[in-house]
Amino acid sequence: MTSTHGRGNIELLSATLAKAKSEDRAALVAYLPAGFPTVDGGIEAVKAVIAGGADVVEIGLPHSDPVLDGPVIQTADDIALRGGVKIADVIRTVREAHEATGAPVLVMTYWNPIDRYGVERFTSELAAAGGAGCILPDLPVQESALWREHAQKHGLATVFVVAPSSKDARLATITAAGSGFVYAASLMGVTGTRESVGNQAADLVRRTRATSDLPVCVGLGVSNALQAKEVAGFADGVIVGSAFVKLLLDAPDLPSGLDAVRALAGELAEGVRRSRDKTDT
């Protein structure tokens with residue numbers, strides 16, 4: 001599946017999401033930061049969540065001021081940055097995770113690091129590593145033309161984030177510019193586990209779908225199989241991040257952390273598969 005001439009894997013991402021839909025279930029999308037607990041440990045963690053049942057993985061590019069991330073991911077980012085993680089390590093994480101599993105792997109990053117690194121350099125390296133695209137939570141659509149031109153040239157998805165506060169006209173603008181899927185942030189505020197993911201998310205998915213045929217994946221707040229099942233009842237994909245990161249943070253050592261994330265991925269994969277039971281009756 002790895003591309004030889006610098007073409008990214010947007011087609012693999014689309015095919016993976018379509019396959020989940022054909023199985024009448026939601027896709028499980030896992031998020032893990034690169035370089036956490038170490039670069040090598042982070043690569044093993046990605047392999048573990050895919051082995052457990054994740055369909056798609058997002059690799060976080062650690063940032064010193066991750067405004068949209070809650071305390072769990074901030075802590076992991078801090079550990080990665082103190083360990084000296086660089087963009088080259090993020091690209092390596094994508095390459096090794098994709099080569100080992102064949103799964104679509106995206107990078108989730110704030111705009112500033114890409115802007116400093118160079119858009120053409122970043123997109124070409126990500127594509128050459130077999131990456132499927134980027135999730136860009138703080139890049140305004142109206143300022144995204146340069147990014148989208150290079151991403152398209154290299155076969156990479158551009159995933160934008162929509163929120164419950166987004167008005168319908170704004171949703172239409174965002175989904176028209178995006179590709180791969182739409183990331184629906186289920187709650188206002190930062191990432192982290194929540195008691196309930198709730199109605200706001202279902203309403204946001206419904207409004208987003210009215211503007212686009214792109215799959216809609218819901219993130220921010222899902223941490224267990226029950227919540228995964230709830231979200232899978234109305235979304236095309238369920239995104240889980242903080243719950244995986246917390247297991248790695250709390251583990252006494254890397255092997256137990258890997259076992260824990262693999263097990264959680266398995267439970268969540270069950271959750272997204274049981275999602276449609278209620279429609280059968």
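1. Let's start with H150, which sits in helix α7 (residues 145-153); helices here are DSSP runs of H or I with at least four residues, and strands are E runs of at least two, numbered from the N terminus. H150 counts as buried because its relative accessibility is 12%, where buried means under 20% relative accessible area, exposed over 50% and partly exposed in between (1.4 Å probe, protein chains only). Leaving out residues up to four places away in sequence, H150 touches V119, E120 and T123, contact being heavy atoms within 4.5 Å.

2. A word on the model. It is predicted, with local features needing pLDDT of at least 70 and side-chain atom pairs counting only at pLDDT 80 or more, while totals for chains, interfaces and linings use all residues. Residues are numbered from 1 along each chain as its sequence is written, and side-chain values use heavy atoms, without hydrogens and water.

3. Next, have a look at strand β8 (residues 216-219). V216 and V218 point one way from β8, C217 and G219 point the other way, and all are buried.

4. On to the neighbours of β8. Strand β7 (residues 182-185) pairs with β8 in the parallel sense over 4 bridges, and pairing requires at least two DSSP bridges between two strands. G219 in β8 is the bridge partner of A185. Strand β9 (residues 237-240) also pairs with β8 in the parallel sense, over 2 bridges, and there G237 is the bridge partner of C217.

5. Finally, a helix contact: V39, D40, I43, V46, K47 and I50 in α2 meet D89, R92, T93, E96, A97, A100 and T101 in α4.
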